[in-house]
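Hi there,

Here is the structure I promised to pass on to you. Have a look at it first, and then read on for what turned up.

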Amino acid sequence: MTILEFRKVSFSNEGQRILHNISVQMEAGDFISVVGPSGSGKSTFLKLCCHLLSPSDGDILFRGKSVNEYNPTDLRKSIAYCFQTPYLFGSTVRDNINFPFSIRSIKPDQNRINELFSIFQMATGYLEKNVKNLSGGEKQRIALIRSLLFKPELLLLDEITSALDTENTQIVENVIKALNKEGITILWITHNPEQSRKYANKLLTIEAGEIKSLEVLP
Ligand SMILES: Nc1ncnc2c1ncn2[C@@H]1O[C@H](COP(=O)(O)OP(=O)(O)O)[C@@H](O)[C@H]1O
Ligand SMILES: [Mg+2]
């Protein structure tokens, strides 16, 4: 089943053509690595996938229906996006971790929170830390935990391991691989050629705002 489809999508900003005539289908359960040079349009592509940006031309369909037809909050619950530069708000880590519960009007599930902190080998003491005092890698993992408290159908990851050491990169890779095994569709931008082929079943290469290839991996 196709979970997300781009039909002749272009995106321009202030007269600059950033993506041109992108047509691609992503199947439910896919693990797609997205690669390409800096500035080729990868992050823009991911922002279009979750309707953070709207196409200048063409259509994007989630489960066969235009993303325009979804309520933005509902779409955000189905499609989670982890930014290249993690965005944390409020003052403490807990403010961020409680957010996915509050938009669903439910009480924070401390067991689920503890489970995720333990998977990422982070002490729950982090919950009381000020977000200003976290390192880039810590912010990255908190943003990831925030996205995973409720499992999305489609998980978009933008170079999320660039600020992590080898050990934490391995932890994150294992978590993402396990989520994909559970059926969550993954779209992962990575600069690391080895990482791009390790777990993915497809490799999407974007160059100069166009799809150069979509390779099916062995
Ligand atoms: N909001 C924006 N306004 C204008 N130009 C942008 C905007 N976002 C990205 N760009 C430009 O679009 C191109 C693609 O950017 P991006 O999608 O971030 O590429 P990548 O993630 O592959 O490095 C770059 O030339 C960048 O400068
Ligand atoms: Mg980028």
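Below are some notes on the sheets, on one helix and on the ligand shell.

A word on conventions: this is a predicted model, in which local features need pLDDT of at least 70 and side-chain atom pairs count only at pLDDT 80 or more, while totals for chains, interfaces and linings use all residues. Residues are numbered from 1 along each chain as its sequence is written, and chains are lettered from A and ligands numbered from 1 in the order in which they are written.

Helices (H or I, at least four residues) and strands (E, at least two) are DSSP runs, numbered from the N terminus. Two strands pair if DSSP finds at least two bridges between them.

Let me begin with an open sheet of four strands, in the order β2-β1-β4-β5 with antiparallel pairing. Its edges are β2 and β5 (65-66), each pairing on one side only. Strand β1 (residues 2-13) is joined to β2 (residues 16-27) by eight bridges, and Thr2 stands opposite Glu27 in β2. These two strands form a hairpin with two residues between them, and Glu14 in the turn has a positive phi of about 45 degrees. β1 also pairs with β4 (residues 57-62) over five bridges, again antiparallel, with Glu5 opposite Leu61.

Another open sheet has six strands in the order β6-β7-β8-β3-β9-β10, and its pairing is mixed. β6 (79-82) and β10 (210-216) are the edge strands. β9 (residues 202-207) runs antiparallel to β10, with six bridges; one pair of bridge partners is Leu204 and Leu214.

Where does α1 pack? This helix sits on the six-stranded sheet, touching β3, β6, β7, β8 and β9 (contact means C-beta atoms, placed from the backbone, within 7 Å). Its direction makes about 155 degrees with that of β8; axes are lines fitted to C-alpha atoms, for helices over the stretch in contact, and angles run from 0 to 180 degrees between N-to-C directions. α1 also lies across β1, β2 and β4, at about 125 degrees to β1.

Finally, the ligand. The residues around ligand 1 include Asn13, Glu14, Gly41, Lys42, Ser43 and Thr44 (near means a C-beta atom, placed from the backbone, within 6 Å). β2 and α1 (42-49) are the elements that give two or more residues to this shell, and α1 gives the most, with three.

Enjoy exploring!

Technical notes:
Contact = placed C-beta atoms within 7 Å.
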